[in-house]
Amino acid sequence: MNTGLLILRLVTGLLFVGHGIQKVSHRLGGHGIEGGAAEFRADGFRGGRLTAAAAGLGQITAGLLLAAGALTPLAAVTAGGVMTVAATVKWRNGLWVQHDGYEYPLVLIVLPAVLTLTGPGRWSVDRAAGLLPWAPWWAAAAVGLGVSSGLMTRALLARPVPDH
């Protein structure tokens, strides 16, 4: 079980890190902070560079915490917030990723929440620091705070639709 949790944490965490790096740099196929800002503007957000930087740094932070198994509930909150914003962008396309739907963001909300429920495993910073086990309510709180912060971010940063 611990090996499985380690693999799950590493893959999920490093994918988050990679997406964050793409948002803020030209590495890993990214388009730099300007490209990230343009993507957010195209998706109907205000803020440009600041929005892209916050999303990228949030993804990098959540990913590093997940990969290390450190402060897993905080990682779940951060991941849930960023990916809820992504899900709101893709919501109109339906569930399935083949149609640019929200399937992938949903998976990336659920995985960190599940890691909060199960604990990150024996080979984790949380275990080494004596923080485990996390109480089940931590997972519920992490999902609730993550999703609500993502929805609040979407509401605050959404550009108004012009009247015609």
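1. Let's start with the loop that holds Pro-133: this proline sits between α6 (125–128) and α7 (136–157). The thing to look at there is the peptide bond from Leu-132 to Pro-133, which is cis, with omega near 0°. Most peptide bonds are trans. Keep in mind that this is a predicted model, so the cis bond is a feature of the prediction.

2. Along the principal axes, the C-alpha trace spans about 55 × 30 × 30 Å.

3. Buried residues account for 41% of the 164 in the chain. Take the contacts between residues at least 6 apart in sequence, and 64% of them join residues at least 24 apart. The chain exposes about 8900 Å², with carbon and sulfur atoms supplying 70% of that. As for charges, there are 12 positive and 7 negative ones, and their mean positions are 7 Å apart.

4. Is Thr-72 buried or exposed? It has 2% relative accessibility, and the cut-off for buried is under 20%, so Thr-72 counts as buried. Thr-72 belongs to helix α4 (residues 72–90). Leaving aside neighbours within four places in sequence, Thr-72 is in contact with Pro-112, Leu-115, Thr-116, Pro-120, Asp-126 and Trp-134.

5. Helix α2 (residues 32–42) is worth a look too. Its buried residues are Gly-32, Ile-33, Gly-36, Ala-37 and Phe-40. An α-helix has 3.6 residues a turn, so residues three or four places apart point the same way. The cover over the buried residues of α2 includes α1 (2–24) and α3 (49–68). Just after α2 comes Gly-44, with a positive phi of about 90°.

6. How many salt bridges does the structure hold? There are two. One pairs Arg-49 with Glu-34, with 2.3 Å between the closest N and O atoms. This pair links distant parts of the chain, Arg-49 being in helix α3 and Glu-34 in helix α2, 15 residues apart. Both ends come out as partly exposed: Arg-49 has 46% relative accessibility, and Glu-34 has 41%.

7. The other bridge joins the side chains of Lys-90 and Asp-100, at 2.5 Å from N to O. Lys-90 lies in helix α4 and Asp-100 in the loop between α4 and α5 (103–118), so the bridge ties together parts that are 10 residues apart in sequence. Lys-90 is partly exposed, with a relative accessible area of 23%, and Asp-100 is partly exposed as well, at 40%.

8. Finally, the backbone at two residues that are not glycine. Most residues other than glycine have a negative phi. Asp-100, from the bridge above, has a positive phi near 60°. Leu-28 also has a positive phi, of about 55°. Where does Leu-28 sit? In the loop between α1 and α2. With a relative accessible area of 56%, which is over the 50% cut-off, Leu-28 is exposed.

How values were computed: Residues are numbered from 1 along each chain as its sequence is written. This is a predicted model: local features need pLDDT of at least 70, side-chain atom pairs count only at pLDDT 80 or more; totals for chains, interfaces and linings use all residues. Side-chain values use heavy atoms; hydrogens and water are left out. Buried means under 20% relative accessible area, exposed over 50%, partly exposed in between (1.4 Å probe, protein chains only). Contact means heavy atoms within 4.5 Å. Accessible areas come from the Shrake-Rupley method with a 1.4 Å probe; for residues, only the protein chains shown count as cover. Lys and Arg count as positive and Asp and Glu as negative; His and the chain ends are not counted. The place of a charge is taken as NZ of Lys, CZ of Arg, CG of Asp or CD of Glu. Helices (H or I, at least four residues) and strands (E, at least two) are DSSP runs, numbered from the N terminus. A salt bridge is a side-chain nitrogen of Lys or Arg within 4 Å of a carboxyl oxygen of Asp or Glu.
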